[in-house]
Amino acid sequence: ALGADSGSSSPSNSALQLAGRKLEAAGFQVGVRLIERYTRERPRFGDTLEIIKFICKDFWFEIYRKQIDKLQTNNRGVYMLQDNKHRLLSRCSPSVDRQANAKQICALHAKFPSGLIRGALHGLGVNASVGVEVGGATPRGTEELTACQFTIRIQAA
């Protein structure tokens, strides 16, 4: 599995990158299929912002039973979607002896929803790259690993 190439308990960088690519690809495939199902009876979207709003509200709710917490744009084809308590990441909290790898593991888990978003956009005819950052500061100054921000960059057609 992840750490099979070395005798250590933590996976190598190349194994993590491969796992991340596989999770993102799986998310992409699921996103394409789900968006087709969720928009079958819906009228066509007017523009990219309308598509992004649909993903933030309806699509995200269908999958995670909550909406994206915050949507920002620079009005030049870049959108930031913030989920302050992502359900998938809340389940990957590490044991005490694995705290050092916690952010790396959560970032790996976040590749799947990143792929979901890219797949949904692709299914609606929008070519985009989607990046994800995990973590955010809490009021106590510690890092909250269940928070993540997706950055969507719309590609020119």
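## Ring pairs

Rings of Phe, Tyr and Trp (its six-membered ring) count as a pair if their centres lie within 6.5 Å; planes under 30 degrees apart are stacked, those over 60 are edge-to-face, and the rest are tilted. A search of the whole structure turns up four aromatic pairs. In one of them, Tyr 38 and Phe 59, the ring centres are 6.0 Å apart and the planes meet at 65°, so this pair is edge-to-face. Tyr 38 belongs to helix α1 (residues 13–39) and Phe 59 to helix α2 (residues 48–64), so the pair ties together parts that are 21 residues apart in sequence.

Tyr 38 is partly exposed, at 24%. Phe 59 is buried, at 0%. Elsewhere, ring pairs link Trp 60, Tyr 64 and Phe 150 into a cluster.

## About the model

This is a predicted model: local features need pLDDT of at least 70, side-chain atom pairs count only at pLDDT 80 or more, and totals for chains, interfaces and linings use all residues. Residues are numbered from 1 along each chain as its sequence is written, and side-chain values use heavy atoms, with hydrogens and water left out.

## The chain as a whole

The chain has five helices and four strands. Both are DSSP runs, numbered from the N terminus: helices are H or I with at least four residues, strands are E with at least two. Along the sequence, the pattern reads α-α-β-β-α-α-α-β-β.

The chain has 157 residues, and 35% of them count as buried. A contact means heavy atoms within 4.5 Å. Take the contacts between residues at least 6 apart in sequence: 58% of them join residues at least 24 apart. The chain exposes about 9,400 Å², and carbon and sulfur atoms supply 48% of that area. Accessible areas come from the Shrake-Rupley method with a 1.4 Å probe; for residues, only the protein chains shown count as cover.

## The sheet

The four strands form an open sheet in the order β1-β2-β4-β3, with antiparallel pairing. Two strands pair if DSSP finds at least two bridges between them. The edge strands are β1 (70–73) and β3 (128–134), each of which pairs on one side only. From one strand to the next, the twist averages 20°. Axes are lines fitted to C-alpha atoms, for helices over the stretch in contact, and angles run from 0 to 180 degrees between N-to-C directions.

Which strands does α2 touch? Helix α2 packs on the sheet against β1, β2 and β4, and its direction makes about 10° with that of β2. Helix α5 lies across β2, β3 and β4, running at about 160° to β3.

## Strand partners

Strands β1 and β2 run antiparallel, joined by four bridges. Leu 71 stands opposite Leu 81 in β2. The two strands form a hairpin with four residues between them. In its turn, Asn 75 has a positive phi of about 60°.

Six bridges join β2 (residues 78–83) to β4 (residues 148–154), again antiparallel. Here Tyr 79 stands opposite Ile 152 in β4. In a regular strand, side chains alternate between the two faces of the sheet.

## Salt bridges

Side chains of opposite charge can pair when their charged atoms come close. A salt bridge is a side-chain nitrogen of Lys or Arg within 4 Å of a carboxyl oxygen of Asp or Glu. The structure holds four of these bridges. One joins Glu 24 and Arg 118, with the closest N and O atoms 2.7 Å apart. Glu 24 sits in helix α1 and Arg 118 in helix α5 (residues 111–123), so the pair ties together parts that are 94 residues apart in sequence. Glu 24 is buried, at 16% relative accessibility, while Arg 118 is partly exposed, at 27%.

Arg 42 and Glu 50 also meet in a salt bridge (4.0 Å, N to O). Arg 42 is partly exposed, at 31%. Glu 50 is partly exposed too, at 31%. Lys 66 and Asp 69 form another bridge, at 3.1 Å from N to O. Asp 69 is partly exposed, at 39%. Lys 66, Asp 69 and Asp 83 are linked in a network of salt bridges.

Terms used. Buried < 20%, exposed > 50% of the residue type's maximum accessible area, 1.4 Å probe, protein only.
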